[in-house]
Amino acid sequence: MNINLEYYKIFYFVSKYGSVTVAAKELCISQPAVSQGVKQLEEGLGVILFQRNSKGMTLTAEGEALFYYISRGYEQIIQGEQKVKEMLDIESGEIRIGASDMTLQFYLLPYLEQYHSIYPRIKVNVTNAPTPSTIERLLEGKIDFGVVSTPFIEDSRIRVYKGRIIRDIFVAGERFSDLRNETLCYDKLSEFPLICLEENTSTRKYIDNFLSKKSVMINPEFELATSSIVVQFAVRNMGIGCVVEDFAKEEIRAGRLFKLNFEEEIPEREICVITDNRMPLSRAAEAMLELLK
């Protein structure tokens with residue numbers, strides 16, 4: 001079927017606005033040219049795509065089916081044009097980053113500050129989400145790169161740049177002061193109320209996996225969305241909190257929390273920068289990546 005692609009473009013705009021007049025204005029062509037384009041497309045496909053009435057143009061069932069595919073294709077073209085423009089623009093482009101609370105606060109933030117001082121006109125969009133969601137958004141093309149914490153499932157589509165080391169610890173407040181000078185076994189945790197991150201986070205999955213290897217299963221009293229809140233719950237003596245050490249440093253230094261000692265420390269892990277190796281980065285995103293690397 002050899003149909004002029006311009007007719008599909010006309011069909012997209014008439015469908016979107018339900019009006020030949022508005023479509024003609026958006027396309028910068030005459031109304032008769034729009035009407036003729038719709039007619040040629042209908043004849044070429046052998047179907048009626050619109051119902052004409054006093055209020056404008058409404059899609060038929062066949063028109064609805066065609067618009068579903070045409071709209072996706074045309075909008076992908078628009079996104080492609082925008083992407084090419086962004087790739088060439090280092091002065092006023094946009095970068096999209098995915099990061100968790102932890103990776104944003106304890107790794108990404110100073111780099112963002114430095115980047116903004118160098119490229120003040122570039123818009124920076126940071127999506128805050130756990131590591132699994134960040135990886136999903138990266139592979140869907142919704143962000144340029146992600147800043148995540150290990151462990152995560154390896155994928156041939158993902159390129160990994162190592163950042164900095166982090167360590168998970170258990171902390172407690174004055175209510176548990178009798179544990180301050182003890183060296184504990186991890187099965188001892190079952191005797192106390194625990195405060196942890198939600199199960200969909202990489203941190204929680206890492207802790208659960210580490211403890212399961214020691215035949216320890218935990219059932220937290222509180223499961224919270226952010227590590228900062230875990231720390232605040234622990235300061236208020238609501239239980240023993242499990243967090244990345246950076247989050248608790250200030251409270252430990254101030255004496256409101258202390259770190260529990262165990263026979264074996266939880267192994268260190270890393271903050272990493274990830275990109276989709278199938279997709280080229282814009283010049284603006286490349287400049288940010290160079291700072292992070």
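Which residues have the most contacts inside the largest nonpolar core?

A word on ground rules. This is a predicted model, where local features need pLDDT of at least 70 and side-chain atom pairs count only at pLDDT 80 or more, while totals for chains, interfaces and linings use all residues. Residues are numbered from 1 along each chain as its sequence is written, and side-chain values use heavy atoms, with hydrogens and water left out.

Okay, the core. The residues with the most contacts inside it are I97, L108, V147, V273 and M288, and the core has 37 residues. By nonpolar core I mean a set of buried Ala, Val, Leu, Ile, Met, Phe, Trp, Tyr and Cys residues joined through side-chain atoms within 4.5 Å. Buried is under 20% relative accessible area, exposed is over 50%, and partly exposed is in between, with a 1.4 Å probe and protein chains only. As background, nonpolar side chains in soluble globular proteins tend to be buried together.

Helix α10, residues 283–292, gives the most to this core, with 6 residues. Helices here are DSSP runs of H or I with at least four residues, strands are runs of E with at least two, and both are numbered from the N terminus. Now take V273: leaving aside its neighbours within four places in sequence, V273 is in contact with residues including Y107, F145, V147, Y161, L289 and L292. Contact means heavy atoms within 4.5 Å.

Next, the sheet with β3 in it. Its 5 strands run in the order β4-β3-β5-β14-β6, as an open sheet with mixed pairing. Two strands pair if DSSP finds at least two bridges between them. At the edges stand β4 and β6 (158–166), each with a single partner strand, so one side of each has no neighbour in the sheet. On average, neighbouring strands of this sheet are turned by 20° against each other, direction ignored.

Zoom in on β3, residues 94–99.

β3, helix α5 (residues 101–118) and β4 make a right-handed β-α-β unit. Right-handed means that, with the strands pointing away from the viewer, the path from the first strand over the helix to the second runs clockwise.

And what packs on this sheet, touching β3, β4, β5, β6 and β14? That's helix α6, residues 131–139, whose direction makes about 160° with that of β5. α10 packs on the sheet too, touching β3, β5, β6 and β14, at about 45° to β3. For these angles, axes are lines fitted to C-alpha atoms, for helices over the stretch in contact, and angles run from 0 to 180 degrees between N-to-C directions.

On to the other sheet. This open sheet has 5 strands in the order β10-β9-β11-β7-β12, again with mixed pairing. Here β10 (222–224) and β12 (258–259) stand at the edges with a single partner strand each, so one side of each is left without a neighbour in the sheet.

Is β11 enclosed or open? 5 of its 5 residues are buried, so β11 is largely enclosed by the rest of the structure. β11, residues 240–244, pairs with β7 in the antiparallel sense over 4 bridges. Across that pairing, D168 stands opposite V244 and V171 stands opposite G241. β9 and β11 run parallel, joined by 2 bridges, and L194 has I240 as its bridge partner.

Helices again: α7 lies across β7, β9, β10 and β11, running at about 90° to β7. Helix α9, residues 245–253, packs on the sheet and touches β7, β11 and β12.

Last topic, the aromatics. The structure holds 17 aromatic pairs. Rings of Phe, Tyr and Trp (its six-membered ring) pair if their centres lie within 6.5 Å; planes under 30 degrees apart count as stacked, over 60 as edge-to-face and the rest as tilted. F176 and F192 are an edge-to-face pair, 5.9 Å centre to centre with 85° between the planes. They sit 16 residues apart, in parts of the chain that are distant. F176 is buried at 4% relative accessible area, whereas F192 is partly exposed at 21%.

Y186 and F210 also pair edge-to-face, at 5.2 Å and 85°, and both are buried.
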